[in-house]
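Dear colleague,

I am passing on the structure we talked about, followed by some notes on it. Please read them with the model open beside you.

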Amino acid sequence: MTATAPRGTGGVIPGRGDGGPAPRRAAIPERTLRTDRWWVQPLVTVVVLVLFIAYSTFRAFQNAHYYATPYISPFYSPCITTRCEGDSFPEFFTGPSWISPAIYILVLPLGIRLTCYYYRKAYYRSFWLSPPACAVAEPHRRYTGETRLPLVGQNIHRYFLYAALVFNVILFYEAFRSFRDETGEWGHMGLGTLILLANAVLLFMYSISCHSCRHIVGGRLNHFSAHPLRYKAWTWVSKQNARHMQYAWISLFGVAFADFYVFLLATGTITDLRFF
Amino acid sequence: MSYDATFRVWRGDADGGGLQTFTVAVNEGEVVLDVIHRLQSTQAGDLAVRWNCKAGKCGSCSAEINGRPRLLCMTRMSTFGEAETVTVTPLRTFPVIRDLVTDVSFNYEQAARIPAFTPKPREADGNHRMQQVDVERSQEFRKCIECWLCQDTCHVLRDHEENKAAFSGPRFLIRLAELDMHPLDTVDRRDAAQDDFGLGYCNITKCCSEVCPEGIHLTDNGIIPLKERVVDRRFDPLTWLGSKIGRRPKG
Amino acid sequence: MELERHEYDVVVIGAGGAGLRAAIEAHENGARTAVVCKSLLGKAHTVMAEGGIAAAMANAYPEDNWRVHFRDTMRGGKMLNHWRMAQLHAQEAPDRVRELEDWGALFDRTPDGLISQRDFGGHRYARLAHVGDRTGLELIRTLQQRTVALGIDVYMECTVTRLLTGRGGGAGDDGAAEDGGREEVTGAFGYWRESGRFVAWQAPSVVLATGGIGKSYKVTSNSWEYTGDGHSLALQAGATLVNMEFVQFHPTGMVWPPSVRGILVTESVRGDGGILKNSAGNRFMFDYIPDFFRKETAETEEEADRWYDDKKNNRRPPELLPRDEVARAINSEVKAGRGTPHGGVYLDIASRRTPEYIRKRLPSMYHQFKELAEVDITAEAMEVGPTCHYVMGGVEVDPDTEAACVPGLFAAGEVAGGMHGSNRLGGNSLSDLLVFGRRAGLAAAEHALRRTGRIALPDEDLADAARAALAPFDREGGENPYTVQHDLQQTMHDLVGIIRTAPEMERALERIAELKERVANLSVEGHRQYNPGWHLALDLPHMLVVSECIARAALQREESRGGHTRDDFPATDDEWARTNLICSRAPDGSVALTRQPLPQMPAELAEVFEEVSAS
């Protein structure tokens with residue numbers, strides 16, 4: 001026998017999963033006794049994410065107004081088909097004209113955000129209400145978490161990270177290319193250049209601050225002292241990791257804003273503010 | 001500086017009970033536990049509450065205050081308005097014994113299941129040598145005062161009694177993380193974490209981190225790194241392939 | 001009568017550091033072992049220990065060794081310590097600390113990767129192995145996890161109300177042949193706090209590891225568990241208590257707000273650079289250096305400040321004098337009207353160390369003041385004052401085996417007496433728990449395995465114990481136990497506190513006699529299931545017996561020494577330097593007091609005092 005002496009606890013009776021007290025627990029009928037507005041945060045999350053999804057879906061399928069020399073919208077970057085507007089990335093193949101080039105690449109940025117440890121928290125809470133807020137009962141009868149398909153798939157997050165890092169390089173490459181003017185001459189900079197650059201930086205910070213990245217750079221080690229460089233890297237990534245949530249949101253707004261700016265230029269609504 | 005506060009305290013046992021309302025004096029600087037003690041000594045001599053150090057170090061006086069899992073001794077009355085009704089209930093996740101005292105033996109059963117620490121041998125001079133940077137991660141988890149608030153708030157256990165058979169709760173996931181990161185330990189607990197302690201049940205919604213009175217970053221520093229370590233072993237196709245064709249040593 | 005019965009070789013009462021260490025040792029020596037504790041496992045008062053474990057490991061200072069530690073301990077206790085206990089303690093502490101690492105403890109490290117050691121009051125060298133300022137938690141968790149891993153039975157939230165004794169059968173080589181039929185331990189009787197149901201353990205060896213008595217005082221760093229039940233159980237079973245007049249008031253407890261008054265502020269604050277100031281801003285400790293410690297204490301603030309970085313060429317700051325000296329000094333400053341608005345003095349580390357350093361070295365102090373007093377210790381000074389912290393006195397035991405004079409009864413940790421003399425040095429408590437916990441467990445296991453013959457627990461004894469426990473329910477209209485407890489705490493605080501006088505203590509004894517009568521007439525409401533009023537009613541007689549021991553011994557010792565300060569006898573006395581006071585139970589149930597000469601230290605140990613002070 002171990003540790004605790006018998007306490008006459010009786011058998012464990014399955015819980016009801018509807019927020020009501022399981023037998024032998026204190027009989028408290030309320031789903032929660034919290035007195036604060038706990039529902040505000042999940043509500044805001046839902047509203048913001050739905051707006052982003054609606055906008056990005058519209059833009060991804062629009063298949064137009066994503067290029068305004070020398071800027072390409074991050075939703076369409078890298079643009080890998082021959083049907084792409086402008087000259088941007090090496091063009092690999094020609095797809096049917098009705099498929100937007102954004103579709104080919106969408107899965108990767110979507111994947112890293114979907115499997116991201118922060119976004120998981122955000123959408124499990126706000127969309128799936130599991131739980132809606134701490135100490136507020138969830139409405140589900142059963143719960144198996146990430147133990148089975150499809151959610152066990154969240155464990156491949158690190159592969160999306162690898163892909164995202166490749167994308168980060170491409171976004172920097174595109175931002176770098178926007179130092180050319182309409183004629184392809186170097187030595188140009190407009191507000192769009194800054195926006196693409198900022199977007200690339202933010203998305204990079206989002207990737208590098210990710211929990212999987214923290215693990216890979218050093219978290220998996222048990223003896224930091226034997227790996228001083230990786231320890232240094234881990235310490236830095238850990239610092240960024242503490243702000244992963246902020247990066248997640250700011251980069252989300254950033255990418256939408258960068259796209260919107262290109263959209264405005266491409267539709268001729270505004271003209272780029274040109275510095276030199 | 002004194003005022004009369006309205007308290008609603010859950011009283012009862014496994015057979016039933018409910019919130020009972022008291023009017024009780026509150027003085028400057030007091031915490032909720034002081035007020036509960038005043039109720040005990042003046043109005044309800046048999047009001048059951050578990051407590052020890054009254055300084056946030058032992059983790060005995062866990063309960064729920066206005067619906068939030070908290071230590072009674074670390075919740076200052078000044079955080080409530082004088083007109084605000086303060087509701088104190090027992091931990092919901094565990095069977096109630098009486099009033100604010102719950103049967104937390106589930107946690108002790110889980111603790112007994114953890115594969116024990118198994119150190120490598122000492123060095124020739126009889127010492128273990130470890131660098132501060134190597135012990136710091138596990139030290140964070142060893143700050144745990146075992147108040148069981150994380151266990152209480154975790155929806156996997158709180159809302160699903162049946163999960164107690166498969167999921168041991170955040171406290172024991174960080175205990176596994178502590179041992180897995182321990183520079184002296186020689187046991188690989190990754191399979192056990194996934195299969196025996198239900199790591200996969202955690203959907204990292206972070207209520208355990210929010211509630212921890214010691215400020216331990218259970219999710220970011222313990223559970224997620226443990227999940228990543230399990231990925232290394234179980235879900236990383238490259239590692240898996242490597243172990244199949246024998247390039248990497250197993251374990 | 002409904003009664004749960006268990007049979008073991010060794011029953012350990014108390015699950016703090018000493019109890020768990022004893023249980024581990026007893027188990028590893030083949031004894032069937034159980035631990036009984038009043039709280040949940042891992043909540044014992046040991047978690048409140050903050051500073052560290054004193055052990056002369058010489059990780060920080062190669063000059064350190066057990067002889068220096070022995071000498072510091074004896075001098076801290078004003079030479080009243082049992083020399084053999086102080087010797088064993090100093091010799092064995094380093095091994096006890098190292099073994100914790102084998103069980104998973106993670107101490108802070110030196111740059112070489114060894115266990116880091118910090119400075120503390122009364123210790124010549126930095127020798128406290130520590131983890132930030134939560135060393136007690138680390139110790140208890142490590143021992144708890146080891147206990148669980150070994151599969152030792154633990155009876156949680158279970159209170160022992162009585163030790164069971166009987167006329168001995170044959171106790172191997174315990175000398176039973178001569179005094180066959182002597183009273184010996186046969187087990188223990190108690191109740192589950194949760195249900196109120198009774199339990200009896202039948203066991204030839206019982207180890208008391210119940211801790212201290214602080215709950216008899218109004219301002220204390222101790223939790224409700226510290227009711228002196230172990231002291232009282234031992235006394236009732238026929239054992240003797242030694243040095244009960246010595247109660248340590250920790251110089252730095254919180255004083256504001258009132259609800260946290262008494263909560264400990266670790267000595268590490270001073271060890272890590274904190275200083276004490278009065279309301280005029282003076283570093284008053286320089287005015288309170290006693291001759292006994294003058295040679296090794298800094299005389300100027302400059303020298304004191306240099307000491308933190310260069311311990312070889314400078315003497316220690318007076319803030320790091322032993323606790324009794326510092327507590328008395330603070331008491332005098334406050335009495336002289338130089339205290340803070342809330343009746344304490346200022347403990348300032350904010351102006352002397354960086355916020356990062358403070359948060360790193362003293363995380364739980366930072367947290368404690370922030371949460372409980374809304375004080376940011378990295379920016380402001382703390383207000384502190386003396387708080388009842390530790391009782392040096394306890395069960396008189398054999399130094400090598402921790403055996404009390406009742407066969408089968410052992411005591412370790414705070415409940416045992418002798419080790420610390422008249423005053424305990426900070427950090428010596430955790431090492432005491434480990435060293436003597438282990439020895440007690442070992443001796444208890446040996447005693448149990450050696451003992452032959454059947455143990456019987458007579459039904460009438462069990463029925464009597466149950467009757468006594470249930471008595472408060474039978475009386476109606478009696479007094480509320482909380483009021484009696486409050487009055488006792490007030491009495492001890494006012495009359496047997498830091499500074500004592502004969503008339504006050506005589507008054508205290510009168511009041512204790514009155515309180516005894518009131519306790520005999522207590523009544524409690526409700527039923528047996530988790531009823532704190534009832535639990536308190538059963539604890540009160542213990543608290544009263546212990547309070548009586550303290551007051552009687554303190555009245556008789558007509559000198560000032562260590563944790564015992566007499567306003568009417570302010571000096572030490574050579575005759576008393578050779579005398580211990582022993583409490584025992586008189587046939588009529590009251591406390592009897594006898595004088596006993598101090599054990600004689602062998603010459604080769606006495607030399608330590610010459611050689612170390614010469615070096």
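In which order do the 3 strands of the open sheet in chain C stand? The order is β4-β6-β5, with antiparallel pairing; strands here are DSSP runs of E of at least two residues, helices are runs of H or I of at least four, both numbered from the N terminus, and two strands pair if DSSP finds at least two bridges between them. Strands β4 (53–54) and β5 (117–118) of chain C are the edges, each pairing on one side only. Between β4(C) and β6 (residues 128–129) of chain C there are 2 bridges in the antiparallel sense, and Ile53(C) stands opposite Ala129(C) in β6(C).

Please keep in mind that this is a predicted model, in which local features need pLDDT of at least 70 and side-chain atom pairs count only at pLDDT 80 or more, while totals for chains, interfaces and linings use all residues. Residues are numbered from 1 along each chain as its sequence is written, and chains are lettered from A and ligands numbered from 1 in the order in which they are written.

Turning to chain C as a whole, it holds 18 helices and 22 strands. Its radius of gyration (taken over C-alpha atoms) is 23 Å, close to the 25 Å that the globule rule (2.2 Å times the number of residues to the power 0.38) gives for 615 residues, so chain C is as compact as a globular protein of that length. The C-alpha trace of chain C spans about 70 × 50 × 45 Å along its principal axes.

With kind regards
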